[in-house]
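Please look over the sequence and the structure first.

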Amino acid sequence: MKLKFDHMIHYVDQLKGFKYPGELLKIHSGGKHHQYGTFNRLTYINENYIELLDVEDVEKLKKEAKTEEGRVAFATKIVQDDFKQGFKTMAFRTEDIERVKQSLNERHIDTIGPINMDRENKKGEKIRWKLLYIADPDYMVRPPFFIEWNKNKVDHMQNLDSFFQKQFKIDKIIIDSSKRSKTLTKWQSWFNMDIIEENENYTDLKLEGDTIVYRIQDAAQSGYNTIVFKDNETTTPYSIIIKGAKYRFEPNEGTN
């Protein structure tokens, strides 16, 4: 499976009025997910993005959370966390979601999907994609899901290039786990990840062919903790903790 990090989902209550401090990260319009009663705004970081997600129809989302798909769907983690703000899950991008499904099923890993999805932007245009979920709700650390965009990668990136904030690069995702060995076993099995560093407190993983590090660290409570960025325009590390999520920025030593 050829996988790349695509995006992280950050649930933000009252999203319509939300801005990052100093508008450090620029927010662009998104659209509505009618199936879930949710809507989003998007922050683009090179070939990746942060999806800021909010709810406009609470009852619809609660109803969806009770379905088979809803047990594992990206939006319903909001309900399962009792509407606590913060990072909820993330997506790995693939160019062949059917092959990913086949690979997982051959290893006796149950899946849900692929599911055809779309959202409507302010112009009334529909953006389409497919999603695949691992059929393991794992309510402590929601497994990353898989996404295949309807457009090919070159066209997709060219359309978004003007939105990319190229001073930043996502370097690391930090995940808390109260049962690190269990999480590690699952993630290595599901995503063919390699261990690149390990000590008594954390384990660092990578997808084959990707640069982002996934650090699974011991913690009393499980969940997505921090996104770490490299910043070409700073010489000193700094952090933003906002709406239940931590954004960490570190100097990109190769540019200073």
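## A buried aspartate without a salt bridge

Aspartate 231 is buried yet has no salt bridge. The nearest side chain of opposite charge, lysine 230, is 11 Å away. Buried means under 20% relative accessible area, exposed over 50%, and partly exposed in between (1.4 Å probe, protein chains only). A salt bridge puts a side-chain nitrogen of Lys or Arg within 4 Å of a carboxyl oxygen of Asp or Glu. For charge, Lys and Arg count as positive, Asp and Glu as negative; His and the chain ends are not counted.

Aspartate 231 does have a polar contact, side chain to side chain, with tyrosine 238 at 2.7 Å. Such a contact is a pair of N or O atoms within 3.5 Å; within protein, one must be able to donate a hydrogen and the other to accept it, and residues adjacent in sequence count only if both atoms are side-chain atoms. Aspartate 231 sits in strand E13 (residues 223–231). Strands (E, at least two residues) and helices (H or I, at least four) are DSSP runs, numbered from the N terminus.

## Basis of the model

The model is predicted: local features need pLDDT of at least 70, side-chain atom pairs count only at pLDDT 80 or more, and totals for chains, interfaces and linings use all residues. Residues are numbered from 1 along each chain as its sequence is written, and side-chain values use heavy atoms, with hydrogens and water left out.

## The open sheet

E13 belongs to an open sheet of 7 strands, in the order E10-E11-E12-E9-E13-E15-E14, with mixed pairing. Its edge strands are E10 (194–198) and E14 (238–242), each pairing on one side only. Two strands pair if DSSP finds at least two bridges between them. E14 and E15 (residues 245–251) run antiparallel, joined by 5 bridges. Isoleucine 242 has alanine 245 in E15 as its bridge partner.

## Salt bridges

The whole structure holds 12 salt bridges. One joins aspartate 6 to arginine 93, with the closest N and O atoms 2.7 Å apart. Aspartate 6 lies in strand E1 (residues 4–11) and arginine 93 in strand E5 (residues 86–93), so the pair ties together parts 87 residues apart in sequence. Aspartate 6 is buried at 1% relative accessibility, and arginine 93 is buried at 9%.

Glutamate 250 and lysine 230 also meet in a salt bridge (3.4 Å, N to O). Glutamate 250 lies in E15 and lysine 230 in E13, so this pair links parts 20 residues apart in sequence. Glutamate 250 is partly exposed, at 24%; lysine 230 is buried, at 19%.
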